[in-house]
Amino acid sequence: MPVRKLPAYLSGIHPNRVNESIREKVILYQEECDDALWSYWSQGMAVNPRTESKSILPGDQQHLQNLVASKTSHLPAEFRSKGIAEAWSRVHNKFKVAKYQDLTPDQYPEAVAYIITMELKAKPKPEQLALPSATAITPATKSTLCEIFAQCARPLAIVIENSVSERQAEKFFEYGCTLFKARLKDLGKQVA
């Protein structure tokens, strides 16, 4: 019998036909199989409750890294590493974790909102956020511009998804605009 068929075989064993010492385990196994199949077919996925993550998933970790990188990308190069260190330090202090990977799945949405609305002490000067001239944006850069806009609009999508307060929504919007302007400036430098 192929190993992949073993779970189906075991779920079909009648509990009264096994040794009494393992009967309870067989029943528990079969009930868990029933729950897993039901979840898979009715909800589209099944999660093993014994291995449920106590910390955020790698994709969520990457998203937080991207948020911090985006948050600090508009800073002058000499202040960027200081801004990154400040952002992570504030996340660690706010959520009382040694490292961001220790955040729980329940803390993740709040951590996303916190990073996006965070105001770093090192801020760019207004002239660093000036938009490139209209001639700097050529048809060749349109797809890049669309990607930049989509990345900058993500914080606004989080606002809608999590229904944050109006004050937080304003900060999300300001952050998205600031980031978009900074990326446009970088794009203008690449085209020039």
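Before we start, keep in mind that this is a predicted model.

**Stop 1: the start of the chain**

Select Met1, Leu6, Tyr9 and Leu10, and show their surface. Together these residues make a nonpolar surface patch of about 400 Å². Leu10 sits in helix H1, which covers residues 6-11. Its relative accessible area is 30%, so Leu10 counts as partly exposed.

**Stop 2: along helix H2**

Next, select residues 20-43, which form helix H2. How far apart are the end C-alpha atoms of H2? They are 34 Å apart, and because 24 residues at 1.5 Å a residue should span 34 Å, the two values agree.

Colour Val26, Gln30, Cys33 and Ser39 within H2: these residues are buried. What do the buried residues of H2 pack against? Bring H1 back into view, as that is the helix they pack against.

Setting aside neighbours within four places in sequence, Ser39 is in contact with Gly44, Met45 and Ala46.

**Stop 3: pairs of rings**

Now show the aromatic side chains. How many aromatic pairs does the structure hold? There are 3. Select Tyr40 and Trp41, one of these pairs: the ring centres are 4.9 Å apart and the planes make an angle of 90 degrees, an edge-to-face arrangement. Tyr40 is partly exposed, with a relative accessible area of 44%. Trp41 is exposed, at 67%.

Then move to Trp88 and Tyr100. Their planes are at 20 degrees and their centres 4.3 Å apart, so this pair is stacked. Trp88 belongs to helix H4 (residues 77-95), while Tyr100 is in the loop between H4 and helix H5 (108-117), so the pair ties together parts that are 12 residues apart in sequence. Are these two residues, Trp88 and Tyr100, buried or exposed? Both Trp88 and Tyr100 are buried.

**Stop 4**

Select Lys96, which lies in the loop between H4 and H5. Look at its backbone: phi of Lys96 is near 55 degrees, a positive value in a residue that is not glycine. With a relative accessible area of 72%, Lys96 is exposed.

**Stop 5: helix H5**

Why can H5 be called largely enclosed by the rest of the structure? The reason is that 7 of its 10 residues are buried. To see them, colour Tyr108, Ala111, Val112, Ala113, Ile115, Ile116 and Thr117, the buried residues of H5.

Finally, click on Tyr114, also found in H5. Not counting residues up to four places away in sequence, Tyr114 touches Arg90, Val91, Lys94 and Phe95.

Key:
Residues are numbered from 1 along each chain as its sequence is written. This is a predicted model: local features need pLDDT of at least 70, side-chain atom pairs count only at pLDDT 80 or more; totals for chains, interfaces and linings use all residues. Side-chain values use heavy atoms; hydrogens and water are left out. Rings of Phe, Tyr and Trp (its six-membered ring) pair if their centres lie within 6.5 Å; planes under 30 degrees apart count as stacked, over 60 as edge-to-face and the rest as tilted. Buried means under 20% relative accessible area, exposed over 50%, partly exposed in between (1.4 Å probe, protein chains only). Helices (H or I, at least four residues) and strands (E, at least two) are DSSP runs, numbered from the N terminus. Patches are made of residues with over 30% relative accessible area and no salt bridge: like charges are joined within 9 Å, nonpolar side chains (Val, Leu, Ile, Met, Phe, Trp, Tyr) within 5 Å. Accessible areas come from the Shrake-Rupley method with a 1.4 Å probe; for residues, only the protein chains shown count as cover. A salt bridge is a side-chain nitrogen of Lys or Arg within 4 Å of a carboxyl oxygen of Asp or Glu. Contact means heavy atoms within 4.5 Å. The expected span of a helix is 1.5 Å times one less than its number of residues.
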